[in-house]
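Hi everyone, thanks for making time. Please have a look at the sequence and the structure on the screen, and then I'll walk you through a few places.

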Amino acid sequence: MRIPPDFLTFAARGDDWRAWMDDLPRLARDVLAQWRLRVDGEVATGECAIVIPVRTTDDEPAELKLGYPQWEADHEHLALRAWSGDGAVRLLRADPNRYALLLERAHRRDLTTVPVLEACTVVAERYSRLHITALPQLRLLSEQCAIWSEGLAALPAHRLVPRRYVDQAASLARGFATDPMTDGRLLHTDLHYFNVLASEREPWLVIDPKPLSGDPHFEVAPLLWNRWDEVVESGDVRRAVRARLHTVVDTALLDERRASAWVTVRMMVNVLWTFEDLQRESGAAGEMSEDDRGWITMAVSIVKAVQE
């Protein structure tokens, strides 16, 4: 088993990442041995995990996922178990203490291989299957909103971010924090084109949930910011963003105004996180890379598009 060099560079993210990365080969060997799995292909990686193709003792194809310990992954196994393969990959075995999951194997082809509006339809068609009653163990979206509203209200002014959007997002988040409709359904929260894979059992299966108890309208935003190059290349940002929004809303029978409000909150929270990361890394939020500037500009463009 070979861990791709690009993934190993994530050790630079901090001491916790470095320690986990140093231990990763031993962890992989231990889980492979204890679960009697045989490596059956090249390791794939994401932003926070490695996935090892394996064969079980019955010679069935599967995948061993080893994730970086973080709160977003704490309940991944619970969501997959609750879905029980209905629209998502099946969970075959889990050791949540080690963030180790044995999963049904899917193909490596994802929804970036189909036209974007068709891909939006595929995702939106799965909402009704995935948004079942939330498990009691899950964190609440309303609690996150209370935290976000305070952070947004305290966000310093910056020329790249219209203050009216920040203030609007802070107000919306405060409202969502006390809205009884904000919690109650099992959300994936990171459901976009890269997290839906082709499969033999179904044409497409969802992977990699970061579950919360929340509002289905919260799910829309990642479909707007991913595959952003295609939005820019279209020559009409507003039209391209709204086409995606309307495709998802119409397919999933969502309320457009509520979906747009959640998009505004999520995009401004992404901006907030960008500034918080800059502050932690350099102590000066004004010093940002071109990637950071592009990310912020994209977030503002999406908010503008869904509101006009």
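Let's begin with the inside face of a helix. In α2, the buried residues are W17, W20, M21, L24, L27, A28, V31 and L32; buried means under 20% relative accessible area, exposed over 50%, and partly exposed in between, with a 1.4 Å probe and protein chains only. Helices here are DSSP runs of H or I with at least four residues, strands are runs of E with at least two, and both are numbered from the N terminus.

A quick word on the source: this is a predicted model, where local features need pLDDT of at least 70 and side-chain atom pairs count only at pLDDT 80 or more, while totals for chains, interfaces and linings use all residues. Residues are numbered from 1 along each chain as its sequence is written, and side-chain values use heavy atoms, with hydrogens and water left out.

Back to α2. What covers its buried residues? The cover includes α1 (5-8), β1 (38-39), β3 (49-55), β4 (61-67) and β6 (100-104), with contact meaning heavy atoms within 4.5 Å.

There is also a kink of about 45° at L24 in α2, shortly before the proline P25. The bend at a residue is the angle between axes fitted to the seven residues ending there and the seven starting there. As for length, α2 has 20 residues (15-34) and at 1.5 Å a residue should span 28 Å, which agrees with its end C-alpha atoms being 28 Å apart. That expected span is 1.5 Å times one less than the number of residues. After α2 comes R36, which has a positive phi near 55°.

If you like backbone torsions, here are two others. S84, a residue other than glycine, has a positive phi near 50°. You'll find S84 in the loop between α3 (76-83) and β5 (91-95), and S84 is exposed, at a relative accessible area of 55%. Y99 is not a glycine either, yet its phi is positive at about 50°; Y99 sits in the loop between β5 and β6.

Now for a pair of helices. The axes of α9 (residues 237-252) and α11 (residues 290-307) come within 9 Å and cross at roughly 70°, so the two are roughly perpendicular to each other. On the α9 side, the contact is made by V237, R238, V241, R242 and L245, and on the α11 side by S301, I302, A305, V306 and Q307. Sorted by class, that contact has six nonpolar, two polar and two charged residues.

Is N270 buried or exposed? N270, in helix α10 (residues 256-282), is buried, with a relative accessible area of 8%. Leaving out residues up to four places away in sequence, N270 touches W225 and W295. A221 lies in the loop between β10 (212-214) and α7 (222-225), and counts as buried at 1% relative accessibility.

Notes: Axes are lines fitted to C-alpha atoms, for helices over the stretch in contact, and angles run from 0 to 180 degrees between N-to-C directions. Angles under 35 degrees count as roughly parallel, over 145 as roughly antiparallel, 65 to 115 as roughly perpendicular and the rest as oblique. Ala, Val, Leu, Ile, Met, Phe, Trp, Tyr, Cys and Pro count as nonpolar, Asp, Glu, Lys and Arg as charged, and the others, Gly among them, as polar.
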